[in-house]
Amino acid sequence: MEGIAIRLQDVRKSFGDTTAVAGVDLEIRDGEFFSMLGPSGSGKTTVLRLIAGFESPTGGRIELAGQEVTGLAPFERDVHTVFQDYALFPHMTLEQNVAYGLKVRKVPKAERLARARQALAEVRLEGYGGRRPAQLSGGQRQRVALARALVGRPRVLLLDEPLGALDLKLREQMQVELKAIQREVGITFVFVTHDQEEALTMSDRIAVFDQGRIAQVGTPAEIYERPATAFVASFVGTSNLLDGEAAERIVGTAAMHNIRPEKIRVLKESDGADEPGHDSVAGTVAEAVYLGDATRFLVDLDGGGRLTALQQNLETSSEDAAAYRGTRVRLQWHRRHAVRIPS
């Protein structure tokens with residue numbers, strides 16, 4: 001059975017009259033890459049700070065590796081936090097930056113330099129130890145901050161939106177690298193982000209936060225394909241949420257359902273009958289948005305309402321996409337892709 005690295009039991013946090021965390025229960029396993037995902041103000045960063053010890057809970061219990069740490073100071077917890085601001089010492093070499101925490105703990109010089117070199121190698125910066133932060137790119141500086149956190153071999157690494165300051169291309173590259181590093185070192189990573197794609201790309205499991213509570217915990221596929229609430233469906237990716245009369249007309253029941261745009265095929269209105277197990281509706285293309293690799297179709301349905309469909313551009317150009325506006329189409333999807341929302 002896998003061990004539990006972090007356990008939160010009814011953890012609450014208020015700032016005056018404002019409730020930031022409204023009773024969170026959560027278990028994070030040893031060695032997993034766990035993301036806390038949500039919009040600004042949803043409570044995810046406050047929970048991270050509670051785990052780190054930077055904030056004290058108003059109520060509840062926090063355990064690390066089975067030991068209660070609710071009242072312990074940050075330095076008494078076997079965790080390390082990496083922030084968006086790298087906070088590297090500009091006058092020190094990378095090796096000295098990484099080894100600094102070991103120096104404070106009075107680790108012998110030979111050992112701390114050996115461990116610093118190993119940590120730099122783990123983040124793909126072997127041989128860079130003599131350089132200074134100003135000589136590095138943003139992604140390289142972020143990796144140095146990660147090496148500095150890893151060198152002490154904490155049981156848990158907490159990462160507070162560490163890639164937020166990087167440009168998109170570099171951030172995507174670092175997502176892949178960070179996951180590979182986590183897999184190699186085997187330490188539990190707890191990653192806070194508001195970026196849904198980032199969470200889906202990197203995580204073993206995700207907790208989606210909404211107004212100080214956890215709306216759903218699951219694997220990326222579970223969160224995306226089987227959202228537990230309308231909020232999760234709409235926050236993680238793009239959704240077609242159907243309820244009441246619209247749901248009854250389109251999927252045959254008034255219960256709330258979600259159909260992801262990429263599950264919907266855009267066909268000519270004159271195309272033949274539905275394939276077995278499929279449903280379809282007719283409508284008019286209100287807008288066709290060319291995205292490069294795909295086109296997003298906004299289709300006004302004959303019976304009222306609108307659906308969004310996403311189609312890969314296997315042959316479509318921007319001119320082809322523009323020509324769709326105002327045309328009649330039929331939208332078709334497999335019935336299993338109309339997913340019922342439990343709450």
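Two strands are taken as paired if DSSP finds at least two bridges between them, strands (E, at least two residues) and helices (H or I, at least four) being DSSP runs numbered from the N terminus. The model is predicted, with local features requiring pLDDT of at least 70 and side-chain atom pairs counting only at pLDDT 80 or more, while totals for chains, interfaces and linings use all residues. Residues are numbered from 1 along each chain as its sequence is written, and side-chain values use heavy atoms, without hydrogens and water.

An open sheet is formed by five antiparallel strands in the order β13-β17-β14-β15-β16. Because β13 (265-268) and β16 (306-312) lie at the edges with a single partner strand each, one side of each has no neighbour in the sheet. Antiparallel pairing joins β13 to β17 (residues 328-334) over four bridges, and Lys268 stands opposite Val329 in β17.

Helix α4 (residues 138-150) packs against two helices, with contact meaning heavy atoms within 4.5 Å. Its axis comes within 7 Å of that of α2 (residues 94-104), crossing at roughly 35°, where axes are lines fitted to C-alpha atoms, for helices over the stretch in contact, and angles run from 0 to 180 degrees between N-to-C directions. In this contact Leu94, Asn97 and Val98 of α2 meet Val144, Ala147 and Arg148 of α4. The axes of α4 and α5 (residues 168-185) come within 11 Å and cross at roughly 20°, and the two helices are therefore roughly parallel (angles under 35 degrees). Residues of α4 including Leu146 and Leu150 meet residues of α5, among them Ile181 and Val185.

Definitions and conventions
Parallel < 35°, antiparallel > 145°, perpendicular 65-115°, else oblique.
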